[in-house]
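Dear colleague,

I am passing on the structure we spoke about, so that you can look at it alongside my notes. Please keep it open while you read, as the notes go through a few residues one after another.

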Amino acid sequence: MHSKGDSSQAKDDIDLLDELLNKTNCAHLHYKVQDCIATTKDWRKCQAELKEFRLCIEKNQKLANKDNV
């Protein structure tokens, strides 16, 4: 059973996810993965999209670490 607070928490979590993805400039790739999974109904068929997203996130993490040094 979900309370009204659960719905608000889920919305906040989604907003935070969107904010974090937009900071990485990888949001478009995240949505590409989601679209692939929704279309194929099988994440295993989306390996190219997943790899592209992972590489984007890793690149962003390296840049962030470099800036923090």
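Arg44 is exposed, with a relative accessible area of 56%, and it forms a salt bridge with Asp42, in which the closest N and O atoms are 2.9 Å apart. Asp42, by contrast, counts as buried, because its relative accessibility of 14% falls under the 20% cut-off. Please bear in mind throughout that this is a predicted model.

Side chains of opposite charge can pair when their charged atoms come close.

One of these salt bridges joins Lys23 to Glu19, with 3.6 Å between the closest N and O atoms; both residues lie in helix α1, four residues apart, which is about one turn of the helix. Lys23 counts as exposed at 58% relative accessibility, while Glu19 counts as partly exposed at 41%.

Finally, Thr24 lies in helix α1, which covers residues 4–24, and is buried, with a relative accessible area of 16%. Leaving aside neighbours within four places in sequence, Thr24 is in contact with Cys56, Ile57 and Asn60.

Terms used. Residues numbered from 1 in each chain as written. Predicted model: local features only at pLDDT ≥ 70, side-chain atom pairs only at ≥ 80, totals over all residues. Heavy atoms only, no water. Helix = DSSP H or I, 4+ residues; strand = E, 2+ residues; numbered from the N terminus. Buried < 20%, exposed > 50% of the residue type's maximum accessible area, 1.4 Å probe, protein only. Contact = heavy atoms within 4.5 Å. Salt bridge = Lys/Arg side-chain N within 4 Å of Asp/Glu carboxyl O.
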